[in-house]
Amino acid sequence: MSQLDDIAAIRAEFPQLARLIHGKPLVYFDNANTAQKPRAVIDAVSSYYTEHNANVARAVHTLGEEATTLYEAARDKLARFVGARSREEVVFTRGTTESINLVAYSFLRPTLKPGDEILVSRMEHHANIVPWQLIAAETGAKVVPAPITETGELDVDGMIALMNERTRLVGLTHVSNALGTINPVERIIAAAKARGVPSLIDGSQAAPHFRVDVAALDCDFYVLTGHKLFGPTGTGALIAKRAHLDAMPPFMGGGEMIRKVSFDGTTFNDPPHKFEPGTPNIAGFIGLGAAIDWLNAVGMDAIAARETMLRDRMLDALRGVDGLRLIGAARERAAVFSFVVEGAHAHDIATLLDHEGVAVRSGHHCTHPTMQFFGVPATVRASLSFYNTEDEIAAFLTALAKVRRMLA
Ligand code: PLP
């Protein structure tokens, strides 16, 4: 028995899923973009503002202590959720983008030299490309793309073959947001480790869908974003090996990240606080903690199993649609489907689908190099979550057929 057996009850916990869009029931297939929030998350944010609002880590009064306790409890929850070795390894950030920039500017840039290489796959989100390009441009290093295959899978041997004595960091997405591919990150982490090269795994699209165990993966850095994990926007984390966090200089300076400030010199707080200057998104992280509680109660294994069922249904359905080309055909994949349709632009399809109540994303999905590889400027992307249903897949197919008739 799983709570997901009563999917109507589960859906009822997500208020926005009950919305009508253009008079039609919402079919929300844009979960890779951002996930809907359960009432528990909305209530946690609201309860912080109505009952506990105060700044964290600086006030001794009751409200300050309550806010700090709730905020720091979210760190414990996230640490356990992703299998971090300790809570000190969890740095709160605004999301994956900030987490990767933190690693780029604080960990890598200070020692980067001309000719050094940063190896990332060709299926990365721009967030795992552009920060490296920025620091490479400043230092004379270069970003090297690792090959992918026509099926949208990582060429693992090809990536490993590109690791050499100049490689300073290896970056790889756990799950591709554009293709749905689940990458064998363990193999890349192990190969990098064997060569003494640090690895960064982008878990933005993995953590919401299956159990992640950062300690078992043993990567140097794991990054994720809270809003895709059913939490509030503006929340996320960098999970990093303690030795790196100890050695890394602060990324941004300000209050709370210091031990003592004087005009003769400043000493810094211990990790993770060294990397969390200023007043954080307190309500957001409390909401993220509530999201994790909610996910734990439902169970990540049950979530993964349901999403596998939905993925298979959707894959079968899409394969049966004439003139539809799926971009990416990885054997190991999440319920994320990019496709193009003969004679119709992705944006037109997405716009007309919206009129039928179906929310999908269209465009390049912040993965220009992936789109270039497949020779398409844009795709339609339908990304499902556990709260989606087989009826919604049917409604999506009906809407797609209607849209195609309109565009014919
Ligand atoms: N990496 C991947 C794989 C993503 O899918 C996304 C968001 O779409 C990001 C990074 C960036 O996340 P955020 O915008 O929350 O920082």
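How far is an oxygen atom of the ligand from an N or O atom in the side chain of Gln-205? In this predicted model, local features need pLDDT of at least 70 and side-chain atom pairs count only at pLDDT 80 or more, while totals for chains, interfaces and linings use all residues. Residues are numbered from 1 along each chain as its sequence is written, and side-chain values use heavy atoms, with hydrogens and water left out.

View 1. The distance from a ligand oxygen atom to an N or O atom in the side chain of Gln-205 is 2.7 Å, which falls under the definition of a polar contact as a pair of N or O atoms within 3.5 Å. For the side chain of His-227, an N or O atom lies 2.8 Å from an oxygen atom of the ligand, and for His-125 a polar side-chain atom is 3.3 Å from a ligand oxygen atom. Of the 400 Å² of accessible area that the ligand has on its own, the protein covers 87% (Shrake-Rupley method, 1.4 Å probe).

**View 2. The shell around the ligand.** The ligand is surrounded by 13 residues, and the closest are Thr-97, Asp-202, Gln-205, Thr-225 and Lys-228 (a residue is near if one of its heavy atoms lies within 4 Å).

View 3. Thr-93 belongs to strand 4, residues 90-93 (strands are DSSP runs of E with at least two residues). With a relative accessible area of 3%, Thr-93 is buried (under 20%, 1.4 Å probe, protein chains only). The C-alpha atoms of Thr-93 and Lys-274 are separated by 12 Å, although these residues are 181 residues apart along the chain.

Terms used:
A polar contact is a pair of N or O atoms within 3.5 Å; within protein, one must be able to donate a hydrogen and the other to accept it, and residues adjacent in sequence count only if both atoms are side-chain atoms. Helices (H or I, at least four residues) and strands (E, at least two) are DSSP runs, numbered from the N terminus. Buried means under 20% relative accessible area, exposed over 50%, partly exposed in between (1.4 Å probe, protein chains only).
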